[in-house]
Amino acid sequence: METIDMKSLAIAALISSTLIAPLPVFAQEKTEFNVCWSIYAGWMPWGYLADSGIMDKWAEKYGISVEITQINDYVESINQYTAGQYDGCTMTNMDALSIPAAGGVDTTALIIGDYSNGNDGLVLKDGGDLASIAGQSVNLVELSVSHYFLARALESVGLSERDITVVNTSDADMVSIYGTPDVTAVATWNPMLSEILASGEGELVYDSAEIPGEILDLMVVNTEVLAANPDFGKALVGAWFEVLALMQSDTPEGTAALEAMAAAAGTDLEGYQEQLAATELFYTPADLIAFANDEDLAETTQFVTEFLFEKGILGQGAPSAEFVGVSFPGGATYGDQANLKLRFDTSVVQMAADGAL
């Protein structure tokens, strides 16, 4: 990773903090909210939140209702959030940058759930080393985190996207298409990755453990909706950390919760625990806050944004890597502060840490 001048970043943050007016609230107060999620090891708790009644409990505490909907197509879930059909959605940091934020939707990363530490992988059906991917077609969700992940993998062996052919494939179809003769390489995430490797056909040649901390898995919410309805954020954060505490409780109830998540992910308890081992979940509010407050988050965001722009993944029409303004806990910023569209905000998580929810 390139060295970034954090002193300059801090100075820029100080200057920008005097220029940014308080966020205008255009959204109206309301009591009904909709959140969507898609299948991924670190996001399975959202399905359990809905099925177990834990989300309903926290929503009722604040006099609201929160509907949680699973969408099988990951990019479609982001597109629907960006179009305003959902108030919140699970997505990675880079997809939040390149789709809603670059598209003009002011978005807050309410919960940094985890970072992928092996949950994203590149598989070659015929085996070989990573360099042998040259000349092959690679099936992936185009312009998603997998596209970024592939570019990082290629870069590590001196290759680029010019050396392969990208085949856009829905995450919902990834496992089924892998069994067809024409498919020789895939870049995907768990649980699809585990299912593909379990077939015994293919070799994992690169995974996200090679780039720790770069692929962040978030629950983002519309900033204006959150500002007008702070109880919405409180309910989501409260329910999330209740489930994560249950997952770590070593109780029959905790085991039952993990088994339910495993079944929803198409695996058994052992298989799901293997996926969780490749997921650096922030199980407590304190762990999340410590990660978000580390200057590495700002450095990584700048690196990821510059990489996305260089590879043409930041979004159509982006004139530079600094097109989207990003803010971090503590006041640091990156990018165009006149176009501040992605905000890492731990204020509600801090309330959870303080026992104030």
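This is a predicted model: local features need pLDDT of at least 70, side-chain atom pairs count only at pLDDT 80 or more; totals for chains, interfaces and linings use all residues.
1. Ground rules. Local features need pLDDT of at least 70 and side-chain atom pairs count only at pLDDT 80 or more, while totals for chains, interfaces and linings use all residues. Numbering starts from 1 along each chain as its sequence is written, and side-chain values use heavy atoms, with hydrogens and water left out.

2. Aromatic pairs. The structure holds 12 of them; rings of Phe, Tyr and Trp (its six-membered ring) pair if their centres lie within 6.5 Å, with planes under 30 degrees apart called stacked, over 60 edge-to-face and the rest tilted. Among them is tyrosine 148 with phenylalanine 307, edge-to-face at 5.2 Å centre to centre and 80° between the planes. This pair links distant parts of the chain, 159 residues apart: tyrosine 148 is in helix H6 (residues 145–156) and phenylalanine 307 in helix H14 (residues 295–310). Helices here are DSSP runs (H or I, at least four residues), numbered from the N terminus.

3. Burial of that pair. Tyrosine 148 counts as buried because its relative accessibility is 0%, and phenylalanine 307 is buried too, at 4%. Buried means under 20% relative accessible area (1.4 Å probe, protein chains only).

4. A tilted pair. Phenylalanine 282 and phenylalanine 291 sit 4.8 Å apart centre to centre, with 35° between the planes. Both of these phenylalanines are buried.

5. Charge over ring. The charged end of arginine 152 sits over the ring of phenylalanine 307, 5.7 Å from its centre. Lysine 125 does likewise with tyrosine 178, at 4.9 Å. The test is NZ of Lys or CZ of Arg within 6 Å of the ring centre and within 35 degrees of the ring normal.

6. H6 on H14. The axes come within 11 Å and cross at roughly 90°, which means H6 is roughly perpendicular to H14. Axes are lines fitted to C-alpha atoms over the stretch in contact, with angles from 0 to 180 degrees between N-to-C directions; roughly perpendicular covers 65 to 115 degrees. Tyr148, Ala151, Arg152 and Glu155 of H6 touch Phe303, Val304, Phe307 and Leu308 of H14, where contact means heavy atoms within 4.5 Å.

7. H10 on H11. Helix H10 (residues 230–247) and helix H11 (residues 252–264) have axes that come within 7 Å and cross at roughly 105°, so these two are roughly perpendicular as well. On the H10 side are Val243, Leu246 and Met247, meeting Glu253, Gly254, Ala257, Leu258 and Met261 in H11.

Terms used
Buried means under 20% relative accessible area, exposed over 50%, partly exposed in between (1.4 Å probe, protein chains only). Angles under 35 degrees count as roughly parallel, over 145 as roughly antiparallel, 65 to 115 as roughly perpendicular and the rest as oblique.
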